[in-house]
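Please look at the structure below.

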Amino acid sequence: MLEIAAIVAAECALLVAVAILREPKLLILAVVVGLPVEYFGTQTLSTLGESGVAGAIRALLNPGKLAMLATICVVVVRERHTPARLIPNSSAVLPILLLLTLTILGIAWSDSLKPSNAALILPMYVAFVFTAPTLIEDRRDVERIVGTFLVVCIGLSLIAIAQRLFGIFNWRAVLIQSDGYSYRSNATFADPNHLARYMALCISLAVGLILATGPRRTTVYLAAPLLAVTALGILVTASRSGWAMVIFCTAIVVFAAPIARYTKVKLATAAGTALGLLIVLLLVQGGENAQRVSSLASPVTALGQRDFLIRVGWQEFIDNPLIGVGTGNYQHALITTYRSLIPDWAEVTLSHTSMVSILAEWGILGLAMFLFIMARLAVVAVSCYRRSSTRYIRLITAWLGAGLLGIVLHSQSEGRLFDDPYLYLLIAILVAIETGPKFAMRPATEPAGNDRTPAIAETAATLERPAVAPGPAVARVAAEDGEA
């Protein structure tokens, strides 16, 4: 309980700081700190349920989601005289609104007619995407968010290691392995796979920061220690999908990082060799983690209980191909109409594959919406990356794109896609970079090129000016961007 008390105390301190210092930007940091604390919502599941007003209250027991709601309220009050600022001029607005519309309409044709927590809280997520960018105005705001991500990940990794090695804070009995003592570490997350998802995002971010920005305070005191601690932290989650997401997201960030190509090749070669050796050593050592790695060779074994869930979801889609069975109705249809397809030994009835959920609940209409959302977000990410004028913002944009794609792919094994709050947090940061006037975006007509290559007009103007040493302010900005 000391770990929970420390996190809650930090969250409360941020909220008090917002009130005392009157700095709403701290609310974004409160969101990052509070979202991993799924302890309270999980512990009250049996009493408050997953739907209705009680389910919505249970969802808001997560401090990060409560901070999201506070962010929306504060921004709406601040911008009450300029409501147009609440609708960002972003290409991500239309797909997000389309998702919200389809979710609400899908409730109308579902058999249960009981909206789940995911449907009830989705309007808050959408409102957060609209309002949070007004509090992320410049690079310093992004740096604070990035630093908070890294600090929280280090803390979660330490808790996860303590859970596995010392038996501290083992608060979910369902995570005890078949040997009776091994524990799949989940820290403050309800699911160890979702903890591994968060760690994968932070590991790829730390690697990108070290490559693109060099030895600075963030990399020396946060990014480098994170890699050392979280490497063991993600191992004790025993999450195969999380391990795969680390490799995937880190590879994208390294590929897109603003560094020399030969450096990328050397890093890829060294990382591939190290990964191969690690897998060999893990298999030779044996144990629970070795069994989980070796099970990846067999798709059926890797799916575990998910194979029959996929078959049922596909049957629901075949029977309702156009609009599906309705929002949140996958589980209800499975235990009623399609109960005969469930094996006697099955203990899980929730879909663990987001694409199956989309097809089963929304049919072809939902598939078209999903592809449209992915395409628009890809356009936003690529556009921001190519137009970024600084190495740091280019790196963050690459990380956001890798993180969004990683969440989508990870959800095909562990579910939680459109109900994942981190999906909307990353989208909000991306929208802020796309629409923020202080992020120094290049004009759309100017080629991206190399960061060190100036425009022709700027070069001509420079040649006409006498050579003068740059002032301290210019030198500081250049050093921050890695251009000095």
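Q: Is Phe40 buried, partly exposed or exposed?
A: This is a predicted model, in which local features need pLDDT of at least 70, side-chain atom pairs count only at pLDDT 80 or more, and totals for chains, interfaces and linings use all residues. Residues are numbered from 1 along each chain as its sequence is written, and side-chain values use heavy atoms, with hydrogens and water left out. Buried means under 20% relative accessible area, exposed means over 50%, and partly exposed is in between (1.4 Å probe, protein chains only). With a relative accessible area of 28%, Phe40 is partly exposed.

Q: How many aromatic pairs does a search of the whole structure find?
A: Rings of Phe, Tyr and Trp (its six-membered ring) pair if their centres lie within 6.5 Å; planes under 30 degrees apart count as stacked, over 60 as edge-to-face and the rest as tilted. For the whole structure, the number of aromatic pairs found is 12.

Q: Which kind of pair do the rings of Tyr39 and Phe40 form?
A: A pair of aromatic rings is described by the distance of the centres and the angle of the planes. For Tyr39 and Phe40 the centres are 5.4 Å apart and the planes are at 85°, so the pair is edge-to-face.

Q: What is the angle between the planes of Phe149 and Tyr198?
A: Phe149 and Tyr198 are both buried. Their rings form a stacked pair, 5.9 Å centre to centre, and the angle between the planes is 20°.
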